[in-house]
Amino acid sequence: MTSPSSSGAMLEALQRDRFSYFLDQANPANGLVSDTTEDGAPASIAVVGFALAAYPVGVERGFWPRAEAVARTLTTLRFFSNSSQGTEPDATGYKGFYYHFLDMQTGRRVRKSELSTIDTTFLLAGVLTAAAYFDREAEDEAEIRALADALYRRVDWTWAQNGGTTVTHGWRPESGFLTFRWEGYDETLLLYVLGLGSPTYPLPEESYAAWTSTFAWTTIYGHEFLYAGPLFIHQFSHLWIDFRAIQDEFMRSKSIDYFENSRRATYLQQEYAVRNPLGFKGYGKSAWGLTASDGPGPESRRIDGVERSFFGYRARGVPDGPDDGTLAPWASSLRYRSRRRSPSRPFGIARSVSGDSDFLRLHRQLQSHLPLAVRRRGGLGLPRALRPQSGPQRLDDRELPFGLGLAAHAPLPLHRHGVAPGRICEWLAVTDTSALAYDELSVLPNGTCNYPHGGFAQSYNAQAGVDTQTMLVVTAHVTQATNDKREIAPVLDKVQSLPQALGQVTALLADTGYFSAANVQACESRLIEPMLAMKRESHHIPVLERFAADAPVPESDDTV
């Protein structure tokens, strides 16, 4: 059994080590980040996007100073702003989009890669996260915001439709638009949010409807969900947007949301590993995660009398495969916790995986098999893929930002004991992008945030913004005066009189309705920080108007 203290230390070390990828594998002259640690590997614009989202987390976690994060972010945004945009085959981008792979030094296109609509999306998400986080009046942070806005406005989403309704995968200067379009449920949920929210070249509403019309609802192992085999499809967009209680027309018809859908897909992954239909060694309750990753192939080998075929890079998935016995450790590091349980870690299996103990036990098992090439830095980096079937000699010894950490495909410090879960979502949500997209889709009617289940849903949403391991929820003896959202001083007094063993109350998390001048003063006089949890509720008047002095409300003995 892993003790809480050892679990915390291991996770802290993992976070720091994974964050170091963005520093060790970056070119400080232009901000580009390598796709892998392999010698000569190019930069991936998706990895850069994840890096830009990671830098604020690093600041919040104390991994590096804000000034260094500002400098690196500004360097990166300046590079993309000034880079070549044109039809020449070695440009950096075109029409506001960027090529998937770029030379680490020159920043120009390499490997004849495509002008990628989805990888540009992840880059832009990181750009917008940086703009939302670096919000001070200093000249360099103001420049970050200005550059981010210009980069987002430059993207011509309608051009990427190529005359069709859905969005194409991309474009090449040698041959034009790629044949494939984004159809069927995939990682482009975030793409459509950014495309629909564009202030300059927005995707039309019918584009999103055309995409969702290709969805396949299915039942596998008793789980009903919107199907996609590789786990990353159910993960990536959630790093930036909290989809709980957000429903489009398709999800309303199924009475769930995209968060719950991803949770079900995660349970399916674990159950597939437990069932292990192909009989691979090592699969089980604590060893699972089939997704897009490199592999040891292409090759075929006979193992224990069975002829096995192994692949190189492949989008592995369940239950239909491909499955060659290769697990991606980063895939199971991002898990989905049911809303019926504590939402302190939104991405965590609560029912059948015993939290950090299993997670760290698996990590220790992998650590014992890591080749020296991975361990040479003395850190905790993991290979991008593990093939338990063939033993440790078959491990891929090249690190990449997948790992078990925070990087292109591994969000550990984003959602595990790092910044409070949802902060990346919160930072991005302060931009106009999400609001515009939600309004376009009628996800949040009239730009408001309505919760049909009333106080329960509001309380859940508030708790989701903090680590509930450090949150005290007081529900008993709440008077009608408190429910009227006028006077919280009696509750604060009761909270502060609780036993010392429960810890010191340092902050009060409340929705906008509680933000009266009297309540703010009551908090501050007790050295408690008043924190705003909800900003857009149609049944409350604007928060600024709430700072007018409120008339005292007579105390009532009625218990809510």
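Tutor: Trp157 is in contact (heavy atoms within 4.5 Å) with Phe97, Thr121, Leu124, Tyr152, Leu191, Leu194, Gly195, Ser198, Tyr201 and Leu203, leaving aside residues up to four places away in sequence. This is a predicted model, in which local features need pLDDT of at least 70 and side-chain atom pairs pLDDT 80 or more, while totals for chains, interfaces and linings use all residues. Residues are numbered from 1 along each chain as its sequence is written, and side-chain values use heavy atoms, without hydrogens and water.

Student: What makes Phe122 and Trp240 a stacked pair?

Tutor: Rings of Phe, Tyr and Trp (its six-membered ring) pair if their centres lie within 6.5 Å; planes under 30 degrees apart count as stacked, over 60 as edge-to-face and the rest as tilted. By this rule there are 32 aromatic pairs. The centres of Phe122 and Trp240 are 6.2 Å apart and their planes at 20 degrees, so this pair is stacked.

Student: Why are Tyr192 and Trp211 called stacked?

Tutor: Their ring centres are 4.9 Å apart and their planes at 15 degrees, so the pair meets the rule for stacking.

Student: How do you know whether Tyr192 is buried or exposed?

Tutor: Buried means under 20% relative accessible area, exposed over 50%, and partly exposed in between (1.4 Å probe, protein chains only). Tyr192 has a relative accessible area of 0%, so Tyr192 is buried. Trp211, at 0% relative accessibility, therefore also counts as buried.
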